[in-house]
Amino acid sequence: DIGDQHAVFQPSHGSAPDIAGKGIANPIATILSVALMLDWLGHPKTRCGAALIRSAVETVLANPDNRTRDLGGQMTTSQMGDAVLRTLEVASS
């Protein structure tokens, strides 16, 4: 979905209507799609943001307690997103 002047960034999974609204989806692919978009934009500041996002995801996933159900854990979608956000906040301060 990437061209020379336009691009679409999204995780490559379906809408998963069977789990919609249950808070059990893993948000990591969506979060990393943002990093891909920031890299594609190509500005040094957006590339820095992309690196911060990837690093935050790696940091969160380095702790085996940080897992959504699909990864064998108990975190909700919001809890995983919040964990990445908290890590980003610490990294950018």
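**Entry 1, S33.** I started with S33, which sits in helix α1; helices here are DSSP runs of H or I with at least four residues, strands are E runs of at least two, and both are numbered from the N terminus. This is a predicted model, so local features need pLDDT of at least 70 and side-chain atom pairs count only at pLDDT 80 or more, while totals for chains, interfaces and linings use all residues. Residues are numbered from 1 along each chain as its sequence is written, and side-chain values use heavy atoms, with hydrogens and water left out.

Is S33 buried or exposed? I found S33 buried, because its relative accessibility is 7%; buried means under 20% relative accessible area, exposed over 50%, and partly exposed in between (1.4 Å probe, protein chains only). With neighbours within four places in sequence set aside, S33 is in contact with F9, Q10 and P11, where contact means heavy atoms within 4.5 Å.

At 18% relative accessibility, I31 counts as buried. Which residues does I31 touch, not counting those up to four places away in sequence? I noted I53, V57, G81 and V84. I also checked I31 against A50: they are 19 residues apart along the chain, and their C-alpha atoms are separated by 10.0 Å.

I then listed the buried residues of α1, which are I28, I31, S33, A35 and L38. They pack against α2 and α3. For the length, I used an expected span of 1.5 Å times one less than the number of residues. The 14 residues of α1 should span 20 Å, and the end C-alpha atoms are 20 Å apart, which agrees. Just after α1, I came across G42 with a positive phi of about 80°.

I looked up which of its residues are buried and got T46, G49, A50, I53, A56, V57 and V60. Why do they share a side of α2? They do so because they cover an arc of only 125° around the axis, the arc being that of the directions from the helix axis to the C-beta atoms. On the other side of α2, I found P44, E58 and A62 exposed. The cover over the buried residues of α2 includes α1 (28–41) and α3 (77–92).

I moved on to P64, in the loop between α2 and α3. P64 is exposed, because its relative accessible area is 60%. P64 and A20 are 44 residues apart along the chain, and I get 25 Å between their C-alpha atoms.

Stepping back, I counted three helices and zero strands, in the order α-α-α along the sequence. The C-alpha atoms fill a box of roughly 40 × 35 × 15 Å along the principal axes. Of the 93 residues, 26% count as buried. Among contacts with a separation of 6 or more, 48% come from residues 24 or more positions apart. The chain exposes about 6,300 Å², with carbon and sulfur atoms supplying 56% of it; these areas come from the Shrake-Rupley method with a 1.4 Å probe, and for residues only the protein chains shown count as cover.
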